Amino acid sequence: MGARLRILALLVVAALLAGTVWARLAYWQVMRHVQLSASAQAQYHELVQLPALRGVIFDRNMTQLVVNTTVYSAFVSPDQVAPGVRDTVASGLSSVLGVDKAGVMKTLESGAKFAYVLRRFSKAKADQLRALKLPGVGLEDESQRSYLPGIAAGSSLAANLLGFVTYDGQGQRGLEQYYQAQLAGTPGYISSYRDLANREIVLGSHTHQDPVNGSDLVLSLDANVQYQAEQALSYGVRNANAESGSVLIMDPTTGGIVAWADYPSYDANNFNHTDPSLFQDNVSSYLYEPGSVMKVVTLSGAINQGAITPSTVINDPGYLNVGGYRIADWDHRNHGNIDYTYVLDHSLNVGAMKAMQAEGHAACYSYLKGFGLTQPSGVDVAGETSVPLPAQDQMSDAQYATTAFGQGIGVNMVQMLAAVNVIANGGRYAPPHVVERVGSTINPLLLKPQRQVITAATAQQMTAMMEDVVQHGSGWTSRVKGFELDQAGKTGTAQIPVNGQYTLDVWASYVGFLPAIHPKFTMIVVVRKPHYAGSQYDWTLNDGYLTAAPIWKNIAQAMVVDWRITPD
Amino acid sequence: MQVAGSVAADRLHLSSFAHAYLGLGAALVAVLFYLALAAQVTQSSYDITRLQDQQRQLIAEQDQLRYQEVTLHAPAQVQHSAAQSGMQRTAPVAYVPAQPVAIDLGAPAGASGTDATPLWARYLAALFNKVGGTRDVMAAGK
């Protein structure tokens, strides 16, 4: 019995010991399986990501607007730098990279494993640093977007349109953001196994996936015209002491954007040292009241509706009472009996309101819709802003009246240019777009059928009226040499509301196309808050004809030469 | 049962020491072979790393050159270079403004002009045409 008990006790002890071992084994092999496998994989499995090359951006003449370049970052492993050579290393880094020597010394004395010294510098500096052969110092190469220089040292060409790319490869603003998925591509990888000495096991399983590089973009933009536009805009905005200005040029038949300029702008190569307020693109992200430029839309609708003709005579006593408000012409003068060509020539609000009343609210609203002013333009650039109009029956008489001459309605420049372009394009709405091709795929916007907003005959009549504006009206400051009788345009000046009250600050604009009958381009210029010399005595000196139209003229003159445009 | 090696050794009348030496020799050859292979692999990995580094540098140089080439054609650079070499922008060409001419296409064309050829010349021409045959005086256009 004693022997049996001893055997039993021994068995129990053995079972307990074995159970402990098995339990521990089960713990490591079952409970901790996932974690340990991952740790083991991390030791011998290596996954190297192969970055995809970001697609480049070309203009319509295949001029590269954005280039991928290689830049370098210098890092140091302080624990590998012996105390005796710290001073040499710090001096070398400081002399080549221009970094603070004391700061580098502090990093070296920290004894850390890794620290960046300077990021993203040129290959020339990297070559100098490599030649010094400093112990514990390494170089890392990275890809960076480089943009063409703009008009001034602190700007790059078409910065507000193109946007920029952050260091982690994310497109921000403009086309870089809108076409991020297409430009970025898909990164590839190499998966292999390494031995204890960190050598690749050649016969081990080895997986390789090539990266798919990003697609290139071909734009409708013309780099030369863009440059001319930026130059003329910069001069014009400074000359008018304005807050800012923008230019947008479009191909009338396709809706392709030829130039997209903002002033002031920024340098996309140096985006991390730029005031973020400069990133705003005022062409598509800024809403303004178009002022008298809207009369082109109002009168076109009324003519198309058969409510008026260019020679219909009305009486303009200088004001009109609408919905309890007395709304006056800009000059507060009685103009007597005048026709609609005279109304557009002299930009008279009463004439525009009477045209709107003649066609009726419903028709007026449907034309606003047809001209694309009630919804976003859909242009393929990130950040378009638009404000929808209230429903047709929710707009008051006074709202319809002010909308007729472009106040009380907020639009962006793309919407407004696309609307006026309907006149230049024989009454058809061409969807505005910047990109013509993504890789080898045509932009679907280009293939979309263009909707007929007004008849070709109406467009022709309005073109004649807009020609008259240049020849006899407020557009005289936009006359391009040789095209005096062959260009169409309209000025616009709208007071800027602040807290519900209109101020003396204005948005001054000019829109037009050239040649009038067979236009090669449509262009809009907007100057914000100009303070023209003498405007403190006479605010009409800030009008579009003195601030925006001369900019239009300078750009058009350059385009006539560059594109070899001849009068019809 | 005897293994083949033992049979061969027996045939060669090798001692047990000889067996050991043969075994050691084979092991040494195997070790040397492994070492040579490892050295070769290491050398190859160094070469690959060096070539990869060289390739990266060449790509970087190519990027630099491409950027330089593109920048040279940039409008801002062209203007800067032109200004440096003393070139100036010419004044825009002045065109003579065209004057609209009023032509009334609906107006009657009026009476046709009279033929002032003398009668004797007409008869003479008719005679020559009869003798020599008529000819087109204008080449046919295509």
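Predicted model: local features only at pLDDT ≥ 70, side-chain atom pairs only at ≥ 80, totals over all residues.
Local features were considered at pLDDT of at least 70 and side-chain atom pairs only at pLDDT 80 or more, whereas totals for chains, interfaces and linings use all residues. Residues are numbered from 1 along each chain as its sequence is written, chains are lettered from A in the order in which they are written, and side-chain values use heavy atoms, with hydrogens and water left out.

The contact (heavy atoms within 4.5 Å) draws on 25 residues of chain A and 23 residues of chain B. About 2,200 Å² is buried between the two chains, 62% of it on carbon and sulfur atoms, where buried area is the accessible area (1.4 Å probe) lost on putting two parts together, summed over both. Two salt bridges (a side-chain nitrogen of Lys or Arg within 4 Å of a carboxyl oxygen of Asp or Glu) cross the interface, one of them joining Arg56(B) to Asp141(A) at 3.6 Å, N to O. On the side of chain A that touches chain B, strand 3 (64-76), helix 5 (123-132), strand 5 (137-147) and helix 9 (223-239) each supply at least two residues, and strand 3 gives the most, with six; helices (H or I, at least four residues) and strands (E, at least two) are DSSP runs numbered from the N terminus.

Helix 19 of chain A (residues 549-562) has 14 residues. Its buried residues (under 20% relative accessible area, 1.4 Å probe, protein chains only) include Trp552(A), Ile555(A) and Met559(A), and the elements covering the buried residues of helix 19 include helix 9 and strand 22 (501-514) of chain A. Arg564(A), which follows helix 19, has a positive phi near 50°.

Key
Expected span 1.5 Å × (residues − 1). Buried < 20%, exposed > 50% of the residue type's maximum accessible area, 1.4 Å probe, protein only.
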